Amino acid sequence: MNDSTKDNEGAPAKVSWWRRLTGGLKRTSSALGTAISDLVTKGPLDSAKLDEIEDALIRADLGVTLAQRVTKAISQGRYSQSITADELKAVVATEVTKILEPVAKPLTIGAARPFVILVVGVNGSGKTTTIGKLASTFVAEGRKVVLAAGDTFRAAAIDQLKIWGARAGSRVVASKPGADSAGLAFDALNAARADGADVLIVDTAGRLQNRTELMGELEKMVRVIKKLDASAPHAVLLVLDATVGQNALSQVEAFGKSAGVTGLVMTKLDGTARGGILVAIAEKFALPTHFIGVGEGVDDLAPFAAVDFGKAIAGIE
Ligand SMILES: Nc1nc2c(ncn2[C@@H]2O[C@H](COP(=O)(O)OP(=O)(O)OP(=O)(O)O)[C@@H](O)[C@H]2O)c(=O)[nH]1
Ligand SMILES: [Mg+2]
């Protein structure tokens with residue numbers, strides 16, 4: 001993480017995020033870029049060619065609507081006879097940006113004190129790491145943050161959160177492994193209130209979206225939090241691993257039903273990613289996307305920016 005420069009240095013941090021984002025999205029953008037170059041160099045831009053372009057976009061997880069928007073834009077516009085690879089990439093970037101712009105919204109900490117953020121997702125998606133990054137971000141903004149070790153399944157999960165809490169200078173409310181997670185959330189909210197905390201972030205154990213009994217536990221956590229504050233949790237963040245592709249759609253659906261997801265964070269966009277799915281998700285669910293994770297370090301969380309993402313997907317350097 002040597003290249004993760006401090007926020008207040010501005011431009012260098014931005015360049016390094018951009019490099020990691022474009023690097024991570026290479027699997028999407030290079031497959032797409034190759035398909036685009038192959039297609040546009042061979043023969044006229046007829047309906048068979050438009051179908052092939054549409055297929056290439058769908059294979060990149062971008063969704064049918066985006067694919068159709070792109071082919072419509074090129075068949076009706078000034079590219080109706082021919083188009084270069086660079087021009088087509090620019091159209092893809094523009095159309096991706098148009099779909100993502102309405103969902104690219106910062107996470108706003110509202111007036112409630114403490115502002116309760118519940119973090120949910122499947123196993124290993126990056127929940128605890130994202131909480132650690134968020135805690136440091138909020139503390140740097142001058143907020144008092146308390147963390148709740150709501151993943152009571154594993155001792156290691158509690159220790160992991162404690163390390164992130166110590167790094168941020170935030171109190172971590174934890175109980176013994178095996179304790180009831182809803183009870184822990186209840187205690188943590190009381191403790192955060194007593195401390196006069198601005199933000200309480202509640203970690204949860206990873207669970208597969210088709211495990212009904214585990215999803216029920218999540219519903220119970222929400223119910224119990226509401227006993228203390230009917231308006232809480234004020235934000236429910238679903239953490240999605242960019243590398244899973246299409247499965248993310250059913251995660252959004254299931255966690256949305258059980259936990260009332262209010263916003264998304266997409267992690268691991270620095271790795272071998274399939275970030276195109278974010279476009280399909282935006283189109284289907286229109287949920288705010290707040291942050292992206294571009295690494296394992298404390299500074300590797302970036303606000304989600306539609307234009308940058310559109311360019312990275314299309315493979316524009
Ligand atoms: N490269 C990369 N790795 C990440 C990112 N976010 C998290 N990770 C890594 O992914 C792994 C899992 O992260 P955790 O934060 O433990 O995930 P979790 O969702 O809390 O996992 P469970 O609690 O087991 O469900 C760790 O090795 C993290 O360092 C990211 O944005 N980029
Ligand atoms: Mg965890």
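## Around ligand 1

In this predicted model, 21 residues surround ligand 1, and the closest are Gly-126, Thr-128, Thr-129, Gly-206 and Gly-293. A residue belongs to such surroundings if its C-beta atom, placed from the backbone, lies within 6 Å of the molecule. Helix α6 (residues 127–140) supplies the largest share of the shell, three residues. Helices here are DSSP runs of H or I with at least four residues, strands are runs of E with at least two, and both are numbered from the N terminus.

By class, the shell holds three nonpolar, 12 polar and six charged residues. Ala, Val, Leu, Ile, Met, Phe, Trp, Tyr, Cys and Pro count as nonpolar, Asp, Glu, Lys and Arg as charged, and the others, Gly among them, as polar.

A word on conventions: residues are numbered from 1 along each chain as its sequence is written, while chains are lettered from A and ligands numbered from 1 in the order in which they are written. Local features need pLDDT of at least 70 and side-chain atom pairs count only at pLDDT 80 or more, whereas totals for chains, interfaces and linings use all residues.

## The sheet

Let us turn to the strands. Eight of them make an open sheet with mixed pairing, in the order β3-β2-β4-β1-β5-β6-β7-β8; two strands pair if DSSP finds at least two bridges between them. Because β3 (171–173) and β8 (301–303) stand at the edges with a single partner strand each, one side of each has no neighbour in the sheet. On average, neighbouring strands are turned by 25 degrees against each other, direction ignored.

Helix α10 (residues 247–259) lies across β1 (115–120) and β5 (235–241), at about 160 degrees to β5. Axes are lines fitted to C-alpha atoms, for helices over the stretch in contact, and angles run from 0 to 180 degrees between N-to-C directions.

Helix α10 also packs with α9 (residues 212–228), at an angle of about 40 degrees and with the axes 8 Å apart. The two helices are therefore oblique to each other (under 35 degrees is roughly parallel, over 145 roughly antiparallel, 65 to 115 roughly perpendicular and the rest oblique). Met-215, Leu-218, Glu-219 and Val-222 in α9 meet Ala-254, Ser-258 and Ala-259 in α10, a contact being two C-beta atoms, placed from the backbone, within 7 Å. This contact has five nonpolar, one polar and one charged residues.

## Backbone points to check

Most residues other than glycine have a negative phi, and most peptide bonds are trans. A cis bond joins Arg-113 and Pro-114, with omega about -10 degrees; Pro-114 lies in the loop between α5 (85–100) and β1. Another cis bond joins Ala-232 and Pro-233, with omega about -10 degrees, and Pro-233 lies in the loop between α9 and β5.

Lys-268, in the loop between β6 (263–267) and α11 (277–285), has a positive phi near 65 degrees. Lys-268 counts as buried because 25 C-beta neighbours lie inside 10 Å. Ala-286, in the loop between α11 and β7, has a positive phi of about 50 degrees, and with 10 other C-beta atoms within 10 Å Ala-286 is exposed. The cut-offs are 20 or more other C-beta atoms within 10 Å for buried and 12 or fewer for exposed, with partly exposed in between; C-beta atoms are placed from the backbone.
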